Amino acid sequence: MKTIEKSDIIAKYSMTGSIRRTASELNVSHSTVRRVLIEAGLYTSQRAEDICRLCEKGLSPDQIAESLKITRNAVMAYLPYNRGYQLGGNKSANALRIRACRERKKTNNGQTGNDQNGGSQL
C-alpha cells in the first residue's frame, strides 16, 4: 500500500475541489483531508477560525469544546495534527476491521427489495 503524503492530498484537492471526493479517491477520511487543508491554509470555515483562535489563546481541546458547546472530537477534527500523520502504510488490525465493517454496511445498504440473505421481501 502506498503511503499518502500531505502533498498528495493537496494535489488531489486542487484537482477535485471537494474534500469528500478527495477523501474517497485517496481512501482517507474527509476529516484527514480537511485537517491537512487547514494546516496548509487552503481551507477555512467559521468553526475552524473559532477553534484556531481559542487554541492560539492557549485553551485545551476540552476547554475549546466547552466554550463552543461542541464535542471534543469536533474540536480535534479542526486542529492540525500534532503527532504526525497516519496517512497510509500499515494499518492496525482494528483499522482493518473497521474498514471491513464499513464496506459491509455499504454493500448491505445498497440492496433494495431483498433482505441481506438474498431473498425477496414480501
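**Helix α2.** I started with helix α2 (residues 19-26) and listed its buried residues: Ile19, Thr22, Ala23 and Leu26. Buried here means under 20% relative accessible area, exposed means over 50%, and partly exposed is in between (1.4 Å probe, protein chains only). Helices are DSSP runs of H or I with at least four residues, numbered from the N terminus.

Why do they sit on the same side of α2? They cover an arc of only 100° around the axis, the arc being that of the directions from the helix axis to the C-beta atoms. Then I checked what covers the buried residues of α2, and the cover includes α1 and α3.

**A note on the model.** This is a predicted model, where local features need pLDDT of at least 70, side-chain atom pairs count only at pLDDT 80 or more, and totals for chains, interfaces and linings use all residues. Residues are numbered from 1 along each chain as its sequence is written, and side-chain values use heavy atoms, with hydrogens and water left out.

**α1 against α3.** Next I looked at helix α1 (residues 6-16) and helix α3 (residues 30-40), whose axes come within 10 Å and cross at roughly 95°. The axes are lines fitted to C-alpha atoms, for helices over the stretch in contact, and angles run from 0 to 180 degrees between N-to-C directions. That makes α1 roughly perpendicular to α3, a label for angles of 65 to 115 degrees.

Which residues meet? From α1 I noted Lys6, Ile9, Ile10 and Tyr13, and from α3 Thr32, Val33, Val36, Leu37, Glu39 and Ala40. Contact means heavy atoms within 4.5 Å.

Asparagine 27 is not a glycine, yet its phi is positive, about 60°. I located asparagine 27 in the loop between α2 and α3, and it is partly exposed at 44% relative accessible area. Lysine 69 is in the loop between α5 (61-68) and α6 (72-76), and it is exposed, with a relative accessible area of 74%.

**Cysteines.** Cysteine 55 is partly exposed at 36%, and cysteine 101 is partly exposed at 29%.

How values were computed. Helices (H or I, at least four residues) and strands (E, at least two) are DSSP runs, numbered from the N terminus. Angles under 35 degrees count as roughly parallel, over 145 as roughly antiparallel, 65 to 115 as roughly perpendicular and the rest as oblique.
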